[in-house]
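Me: I would like to learn how to read helix packing and salt bridges in a model. Please take me through one.

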Amino acid sequence: MEDDRQVQPVQEHVRDINSKEIFRNPKLCSQFLRDNVNIPQLKQIKPEDIEDVTERYQAYLGVEFESDTVKKIRLKDEYGKQEKTPLYLVSLIEHKSDVDHDIMMQLLRYMVCIWHEYAKEKEREKKGISHQKGFQYPPVLPIVYYEGTGNWTASRHLSDRIQASDVFGRYVPDFHYELVRIHSYSNEELLDRGDEMSLLMLLNKLQNPEDFHKFRLSPPEKLADILKNADPHIIKLMQDVMYSLMMKMNIPVEEANEHVKAMGGNQMGYLFENMEKMDIQAERRNTAEARKRADEAEQRADEAEQRAAKAEKQLQEIQKEMHNSKDAERQLRELEEKNAAIRKESEHKSYIAACKEFHCTKEEAVERFAEKFKADFGDSIQRSREIAKEKVELYWKEA
């Protein structure tokens with residue numbers, strides 16, 4: 001009999017997993033805080049201490065950010081007793097490749113909103129309390145959870161977003177937010193934590209066959225230990241993440257379903273048995289795609305050579321026709337220059353195509369082109385770079 005925690009993925013629709021779904025789960029949220037935030041009071045947080053209040057504050061702001069979450073956390077003192085003042089967690093999830101440099105203001109809006117609502121709540125309990133000397137607002141912990149592969153380049157201080165903050169610094173509110181970047185952790189570091197949240201972070205790191213190959217080398221027993229006690233909802237999230245990845249790798253649907261089912265029961269051996277097949281399939285597809293691109297580049301080079309040969313033939317015919325003409329020498333020279341230009345342009349285009357085939361970036365292609373053909377442009381490297389940039393922009397899409 002199959003484990004009743006197994007969940008079949010929806011075959012008709014493949015989607016990336018919104019990290020808000022992960023943070024909505026109190027167990028995963030408690031594990032995240034314990035593993036990634038160096039605050040002693042958060043090391044003992046339990047799922048029942050966490051309440052999701054996201055909708056309350058998004059309704060107040062009048063806008064819903066798809067990947068934002070707000071949690072109200074009941075802290076305990078060193079004796080295990082609940083403290084009167086809660087902690088609020090604001091987590092913003094960035095899963096795009098571009099860094100949002102205005103995320104500071106988004107965090108500030110939430111923080112001000114939380115403090116305003118807290119004061120109103122206390123005023124309902126006892127009118128005028130927020131105006132008393134001893135009244136204090138609750139702490140707010142702002143966190144940015146970043147899944148992108150690039151470095152996080154946005155400032156983590158509000159004052160950096162304010163003009164002349166060096167002069168008016170004493171009048172500028174400032175705070176610092178925590179940054180959790182999943183690609184800052186190795187697969188081994190995440191697995192050693194031994195909890196479901198860290199495994200989901202590991203799965204979200206998988207973006208290509210190379211990442212998948214590294215994941216396949218993970219110790220199966222560590223994954224099995226994490227999965228065997230996981231809640232059904234968390235298992236379903238992991239299945240969705242893995243299924244989405246395999247669809248991007250063009251794994252056949254039937255095979256993908258079998259692989260993710262292994263995550264839902266006691267079939268980790270089956271999953272790792274077949275990972276090698278998926279890994280090889282992805283590599284073969286990449287090789288086939290590279291070969292196809294190389295063939296297309298060769299075909300374009302042949303076509304360019306045919307055009308040059310045709311121009312050469314036309315030149316020879318015109319040479320014969322204009323042999324006795326007083327303008328023959330001038331027209332011949334013009335045609336020779338035109339033919340040379342065609343050959344040179346074909347050479348430029350083929351060189352850019354070759355750069356792209358060898359996975360150069362556009363910037364690298366510009367530098368290589370400028371160095372290669374600088375003699376064609378008067379040996380001026382500045383002029384050569386300008387022309388190189390124009391040529392790469394012109395032929396990059398065709399390559």
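Reply: We will look at a pair of helices, then at salt bridges. This is a predicted model, where local features need pLDDT of at least 70, side-chain atom pairs count only at pLDDT 80 or more, and totals for chains, interfaces and linings use all residues. Residues are numbered from 1 along each chain as its sequence is written, and side-chain values use heavy atoms, with hydrogens and water left out.

Me: How is the packing of two helices described?

Reply: Two packed helices are described by the angle between their axes and the distance between the axes. Here the axes of helix α2 (residues 26–36) and helix α6 (residues 196–205) come within 8 Å and cross at roughly 85°. Helices are DSSP runs of H or I, at least four residues, numbered from the N terminus. Axes are lines fitted to C-alpha atoms over the stretch in contact, with angles from 0 to 180 degrees between N-to-C directions.

Me: What is a salt bridge, and how many are found in the whole structure?

Reply: A salt bridge is a side-chain nitrogen of Lys or Arg within 4 Å of a carboxyl oxygen of Asp or Glu. The search finds 17. One of them joins Arg 34 and Asp 195, at 2.5 Å from N to O. Arg 34 is in helix α2 and Asp 195 in the loop between α5 (187–193) and α6, 161 residues apart.

Me: Is Asp 195 buried or exposed?

Reply: Asp 195 is buried, at 3% relative accessible area, whereas Arg 34 is partly exposed at 33%. Buried means under 20%, exposed over 50%, and partly exposed in between, with a 1.4 Å probe and protein chains only.

Conventions. Helices (H or I, at least four residues) and strands (E, at least two) are DSSP runs, numbered from the N terminus.
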